[in-house]
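Biologist: Before I use any of the labels on this model, I want to know what each one rests on. Can we go through them one at a time?

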Amino acid sequence: MVQLASLGSTSAVTATSLSDDYVAGLFDGYSDRFEQELVEELGYRGHEFVTDAVIRHGIMNRNKKSYTFVDLGCGTGLAGSLLREKIGQNIDFRLLGVDLSSRMTEHSRARLVGDDNDRRRVYNDVYTMDGNDFLAGLPESSVDAIVSSDVFIYVGDLDDTFRECMRALRTNGILSFTVEMPSKNDDAAEHVRKHGMALLKSGRFGHSRKYVENVANNVGFKMVEWKAKVLRKQGKEDVPGAVVVLKKR
């Protein structure tokens, strides 16, 4: 399916999901060079966008004694490291990571932050499993924020994921994530405009603002931010996208 999409196949454009085995295998094979290629060579910044958005929307200004966050599709722990460093130093901060790729979770489980005198693990726990299944196993209304960087581009149809996020989040909890949008020369751009979602030539899903907002509203979220961003490079071209913040009403 992904190969067909890269060739501009109309049948691939209409896909709404990728198999778990495909996604896990893709990142298992990519894990050891993931950060060097994605961050250092392609200028990826999605992890920065989603963590900055959580802080910007005041999730930590609630006079609580403890907080629980989920890094949905945690990968090697890029977003988790920023969360631990920026907001998890001086409070009771529980950070849970989950990812389909066992090789990715090996990296995130071992990830540390801090100086030589105060080294600590980024995550309290990391799970290798489907993200929706993980969220479904959490107690209802038990999470303060969920971040998901460069993940929904491999999910496609977001309805089930948004519903599980809604169930797990506390009232006024935040879901912060990135989405990709088609470049002007991608044949799937028209399908995204008309239908809200398509499998792009990159092999990743593109989503429109209207689609995301409609699905969010249908499950009870309020969109409080959609900010256009350049997520990374694809060759020499910018990859357009957005950082999105939803709040549970």
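Modeller: Start with Val13, which touches Ala188, His191, Ala198 and Leu199, leaving out residues up to four places away in sequence. A contact here means heavy atoms within 4.5 Å. This is a predicted model, in which local features need pLDDT of at least 70 and side-chain atom pairs count only at pLDDT 80 or more, while totals for chains, interfaces and linings use all residues. Residues are numbered from 1 along each chain as its sequence is written, and side-chain values use heavy atoms, with hydrogens and water left out.

Biologist: What makes Val13 buried?

Modeller: Its relative accessible area is 11%, and buried means under 20%, exposed over 50%, and partly exposed in between, with a 1.4 Å probe and protein chains only. Val13 is therefore buried. The residue lies in helix 2 (residues 10-13); helices are DSSP runs of H or I with at least four residues, strands are runs of E with at least two, and both are numbered from the N terminus.

Biologist: What is the confidence in the chain?

Modeller: The average pLDDT of the protein chain is 92, and 94% of the residues score at least 70. That score is the predictor's confidence in each residue, from 0 to 100. Over residues 1-8 the pLDDT is below 50, and this stretch has 18 contacts in the model beyond near neighbours in sequence.

Biologist: How do you know that the buried residues of helix 3 are on the same side?

Modeller: The buried residues in helix 3 (residues 20-30) are Val23, Ala24, Phe27 and Tyr30. They cover an arc of only 135° around the axis, which puts them on the same side of helix 3; the arc is that of the directions from the helix axis to the C-beta atoms. An α-helix has 3.6 residues a turn, so residues three or four places apart point the same way. The buried residues of helix 3 pack against helix 4 (34-41) and helix 7 (102-110).

Biologist: Why is Asp21 called exposed?

Modeller: Asp21 has 69% relative accessibility, and the cut-off for exposed is over 50%, so the label applies. Asp21 is found in helix 3.

Biologist: What makes a group of residues a nonpolar core?

Modeller: The term covers buried Ala, Val, Leu, Ile, Met, Phe, Trp, Tyr and Cys residues joined through side-chain atoms within 4.5 Å. The largest such core has 46 residues, of which Phe162, Val212 and Phe221 touch the most other members. Its largest share, five residues, comes from helix 11 (residues 209-219). Beyond four places in sequence, the contacts of Val212 include Leu158, Phe162, Phe177 and Trp226. Another core lies apart from this one and has 23 residues, among them Phe69, Ile87, Val243 and Val245.

Biologist: Why is strand 2 described as largely enclosed?

Modeller: Six of the eight residues of strand 2 (residues 92-99) are buried, so the rest of the structure largely encloses it. Two strands pair if DSSP finds at least two bridges between them. Strand 1 (residues 66-72) and strand 2 run parallel and are joined by seven bridges, so they pass. Val70 stands opposite Leu96 in strand 2. Strand 2 and strand 5 (residues 125-128) also run parallel, with four bridges, so this pair passes as well. In strand 5, Thr128 is the bridge partner of Asp99.

Biologist: What makes the phi of Ser141 worth a note?

Modeller: Ser141 has a positive phi of about 55° although it is not a glycine. Most residues other than glycine have a negative phi. Ser141 sits in the loop between helix 8 (131-136) and strand 6 (143-148), and at 32% relative accessibility it counts as partly exposed. Asn172, in strand 7 (residues 169-180), has a positive phi near 70°. With a relative accessible area of 38%, Asn172 is partly exposed.
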